[in-house]
Amino acid sequence: MKQQGWKLQDTIWTLGLYGTTVGAGTLFLPIEIGARGPIIFIIMLLLGLPLSLLPHLVLGRIYMSEPDRQRLPALSTWFGPRGDRIMTLLYCIAFYPVMLVYGISLVSALDNFLIERLHFASVNQGLLTLICMVVLFGILSKGRDRVVGTMSVLALPFAIAIIAIAVVQIPHWRWENVADALHALPNTPAATTFKNIWLTLPLITFSFCCAPIISPLAAHYQEQGDAPRAFRVIRIAYLAIFLSIIFFVLSCVLSMPHDIFAEAKEKNLNVLSIISSPDNSGILFYIAPFIAIVGMTKSFLGVSLSVTETFSDFTVRLFNCRSERGRKLSQAAAVLSMYVVTSLIVYTNPNVITLIEAFCGPLIAIILFLIPAWLIYNKPALAFLRGGRALSILLGGLATLSALLYAMV
């Protein structure tokens, strides 16, 4: 097929991929890399693009090769009716911890903003959690169109804001941050360095993942009969994603000392909650935490919409609800139970970096790396994808998933 020029719709999809990926997960990369040292930044520089671009390209090719074409293709169609339920449950299990990460981070960011920036004497964690969860699940109850509309308003301004913050920090870069860490590296045991690299892989996978939006993108270009254009959009989007995230992380690491990152990691804070101007009085000091709150809200809604809809559908099929009333009751019970469990876990405030390392990254790796690799080597229709690409995503998935096994030991 003759390749046509770039279209407005291509730009819209590119921005959609960018806005989906560059979000709340991006705000935790500087914390982790700043706390663990420059060697982790080098690993991200080398592995970030291949660990993100390659599996998403392969995932798009699998979607477009599905035997049953549909508006929103899903991997479950490769497994038949029985495997469909398992895949649906796996999706919920994989992305629910991501939903928890954003909920915990949002409450922590709000608490920090109210106390550190607005000088509240204290904040009741239970009340703050209740208010946040009621508001967020209230927005979710308005339906898909309202949630997507809210996300679209927040996505691109958030991405622009973090790039602007990275630029503002350039005059305050301190190269000694990197030099001091490199000088201390020879005194660090090799086992510790290897462990730090190992546990950073899930965070890289988590921060660069936009797997949910690949499905509608593949469906759109499949309907247009222009698959090569879809892959061109993914490549361009991921180049922009990678460069902007690398620049943001580098700017944050160079402008703040190691101790601040270590303290933020202990307090469940993202990088925009700890960033400040040199005299703690500039406008950046006040707007950065607010931008983080916007980013957390956007990301929570994006993941929660998919998880709640999928879990509701799974519940309806599990209990074989045939009547309209039964379906509505089952869906309401599923959402209510998710609200209660989410609120309780957010209130207990577990460490978000631990959640990402031990659960989010490894479980996402199953959907993004391992299942596609398994399909490629077990479905004749996907034999054309076998070779170096499939082997690379298989190895990347195994390395990322191994962090989950480490957490269980």
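**Entry 1: α2 and α3**

I began with helix α2 (residues 29-36) and helix α3 (residues 38-64), which pack at an angle of about 130° with their axes 6 Å apart. I took axes as lines fitted to C-alpha atoms, for helices over the stretch in contact, with angles running from 0 to 180 degrees between N-to-C directions. Helices here are DSSP runs (H or I, at least four residues), numbered from the N terminus. α2 and α3 are therefore oblique to each other. The cut-offs: under 35 degrees is roughly parallel, over 145 roughly antiparallel, 65 to 115 roughly perpendicular, and the rest oblique.

I then listed the contact: Leu29, Ile33 and Arg36 of α2, with Ile40, Phe41 and Met44 of α3. Contact means heavy atoms within 4.5 Å. By class, the α2 contact with α3 has 5 nonpolar, no polar and 1 charged residues. Ala, Val, Leu, Ile, Met, Phe, Trp, Tyr, Cys and Pro count as nonpolar, Asp, Glu, Lys and Arg as charged, and the others, Gly among them, as polar.

I note that this is a predicted model, where local features need pLDDT of at least 70 and side-chain atom pairs count only at pLDDT 80 or more, while totals for chains, interfaces and linings use all residues. Residues are numbered from 1 along each chain as its sequence is written, and side-chain values use heavy atoms, with hydrogens and water left out.

**Entry 2: α4 and α15**

Next I looked up helix α4 (residues 80-117) against helix α15 (residues 352-378). They pack at an angle of about 150°, and their axes are 9 Å apart. α4 and α15 are therefore roughly antiparallel to each other. Their crossing is left-handed, that is, the near helix is turned anticlockwise from the far one by less than a right angle (clockwise would be right-handed).

Residues of α4 in this contact include Met87, Leu90, Tyr91 and Ser105. From α15, I noted Val352, Phe359, Cys360 and Ile371 among them. The contact of α4 with α15 has 20 nonpolar, 1 polar and no charged residues.

I also checked Leu110, which is in α4. Leaving aside neighbours within four places in sequence, Leu110 touches Leu128, Cys132 and Ile293.

**Entry 3: ring pairs**

I found 6 aromatic pairs in the structure. Rings of Phe, Tyr and Trp (its six-membered ring) pair if their centres lie within 6.5 Å; planes under 30 degrees apart are stacked, over 60 edge-to-face, and the rest tilted.

Tyr102 and Phe206 have ring centres 5.9 Å apart and planes at 40°, so the pair is tilted. Tyr102 is in α4 and Phe206 in helix α8 (residues 190-207), 104 residues apart. Tyr102 is buried at 8% relative accessibility, and Phe206 is buried at 4%. Buried means under 20% relative accessible area, exposed over 50%, partly exposed in between (1.4 Å probe, protein chains only).

Phe137 and Tyr339 have centres 5.3 Å apart and planes at 80°, so this pair is edge-to-face. Phe137 lies in helix α5 (residues 125-140) and Tyr339 in helix α14 (residues 324-348), so the pair ties together parts 202 residues apart in sequence. Phe137 is buried, at 9% relative accessibility. Ring pairs link Phe137, Phe300 and Tyr339 into a cluster.

**Entry 4: positive phi**

Most residues other than glycine have a negative phi. I looked up two with positive values. His119 has phi near 60° and sits in the loop between α4 and α5. His119 is exposed, at 61% relative accessibility. Asn268 has phi near 65° and lies in the loop between α11 (258-266) and α12 (271-274). Asn268 is buried, at 3% relative accessibility.
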